[in-house]
Amino acid sequence: MAAVFWLAFWQILAMALGQEYLLASPLRVLGSLIKLLVEPTTWLASLRSGGRILLGFLGAAAFGAALAFLSARYAWVRDFTAPLISSARSVPVASFVILAIILVSSRWLSTLVAFVIGFPLIFGNVTEGMRRRDSKLQEVTQVFGVPVIRRLLYIDLPQVLPYFKSGAINAMGLCWKSGIAAELIGIPDGTIGERLYVVKVNLYTAELFAWTAIIVVLGALSSRLIACLSDAAAHALEKQ
Amino acid sequence: MLSLYKVTKRYGPQTVFSNFSLDIPSGVRISLMGASGCGKTTVLRLLAGLEEPDAGQAKREGTISLVFQEDRLLNALTPMGNLRLVAGRGTSGWLENLLVRLGLEHSLGKSVSELSGGMKRRVAIARALAVNYDAILLDEPFRGLDPDARKSSAQVILEEAQGKTILLVTHDLAEAGLMGTDVVRL
């Protein structure tokens, strides 16, 4: 009901403004979306951008989680990486993007930015999960000398996985947002960022909204996929 | 051999004990008794290496096993799963036999979360017996067990820990008698 109200409000506002380049109506946006969806280049651009962003996310997930585990175990790793983590958290995305354009090909810009944005989030959440592990079970592993792999599989991972899942879902959304923003600056060929750049230059507002809808859906689907994979992993750990 | 030499232990402003010494030669059975809060569990934790003394020395020769005051089991696993997690000795058959001797024959296929408090306690005892150890520390191991289960569990511990050092923390003199230990009062 609320959605219908806001769509009607949007339609009336667009009609009242009467300037399509300022605010396209929902019907025009729907038309643009359908047009985009039947074009193979839309799918190719989505695949290209999505693949690169996902690659950056996977790197961030692996590196962030591994570093969090090592930091929890070794104080020197925690001290050594602290400046790296706080830099990744505080440096603006635009600064990373400009540096990345200088250092690497614009093709891998979104991968690098997704990595830099996703990494501290996942690191932070997994670190928190490690910190909140049941200390009584840790003592059990200490007294009985439980080997590292068993400790990881049976005790650490089941406790840390919910924290990883939450961090990964948040990171996935941010990776999409920042990855596309990076593409918009670097304009790599055949990507969603390049298509958005064309839309921006020509003030194709309806197409901007349509692309936005596509990005939101792709981001939501990716987050859902992460949630499902995390749940499957938790289930497998429980059943082992 | 387990020993504490002139040990002082504090938790914040509270001194649990100071200048405390205790020697437990290998193969000896001792029960540690005393009022609540007098530091019995702290003695076990110091001997197990889970705590460091603020002053003095805690020494242990050989390996230690421990029945914690709480069960500290993995609830999603079966009793056998909990034993396998720590087991440094014994085949599956031996571990299963250990559980059966502790009266858990009908609980082998269940997850620990489905077991009663008394059954969980016996799984915790089995886990402590499933590892290689020279000394076993028992922190109120029979808590929540009925008299029969208490007696049979004590019997299994005595059979399995034959010739090993046993240090029992208990409030109950009858339990100390059940385990055939000398009593040391804190």
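**A two-chain predicted model**

In chain B, strand 6 (residues 135-139) and strand 7 (residues 165-169) run parallel and are joined by five bridges. Strands are DSSP E runs of at least two residues, helices are H or I runs of at least four, and both are numbered from the N terminus. Two strands pair if DSSP finds at least two bridges between them. B:Leu138 stands opposite B:Leu168 of strand 7.

This is a predicted model, in which local features need pLDDT of at least 70 and side-chain atom pairs count only at pLDDT 80 or more, while totals for chains, interfaces and linings use all residues. Residues are numbered from 1 along each chain as its sequence is written, chains are lettered from A in the order in which they are written, and side-chain values use heavy atoms, without hydrogens and water.

Now the whole sheet of chain B. It is open, has five strands in the order 5-6-7-3-8, and pairs in parallel. Strand 5 (64-67) and strand 8 (182-185) are the edges, each pairing on one side only. Neighbouring strands are turned by 20° against each other on average, direction ignored. Helix 4 (residues 117-129) of chain B packs on this sheet and touches strands 5 and 6. Its direction makes about 180° with that of strand 5. Axes are lines fitted to C-alpha atoms, for helices over the stretch in contact, and angles run from 0 to 180 degrees between N-to-C directions. Contact means heavy atoms within 4.5 Å.

Next, the cores. A nonpolar core is a set of buried Ala, Val, Leu, Ile, Met, Phe, Trp, Tyr and Cys residues joined through side-chain atoms within 4.5 Å. Buried means under 20% relative accessible area, with a 1.4 Å probe and protein chains only. The largest core has 67 residues, and B:Leu137 and B:Met179 have the most contacts inside it. Helix 4 of chain B gives the most to this core, with six residues. Another core, of 38 residues, lies apart from it and includes A:Phe164 and A:Ile214.

Chain A has 10 helices and zero strands. Of its 240 residues, 40% count as buried.

How do the chains meet? 14 residues of chain A are in contact with 20 residues of chain B. The buried area, which is the accessible area (1.4 Å probe) that two parts lose on being put together, summed over both, is about 1,400 Å² between these chains. Carbon and sulfur atoms give 66% of it. B:Arg72 and A:Glu139 meet in a salt bridge (2.7 Å, N to O), defined as a side-chain nitrogen of Lys or Arg within 4 Å of a carboxyl oxygen of Asp or Glu.

Methods
Buried < 20%, exposed > 50% of the residue type's maximum accessible area, 1.4 Å probe, protein only.
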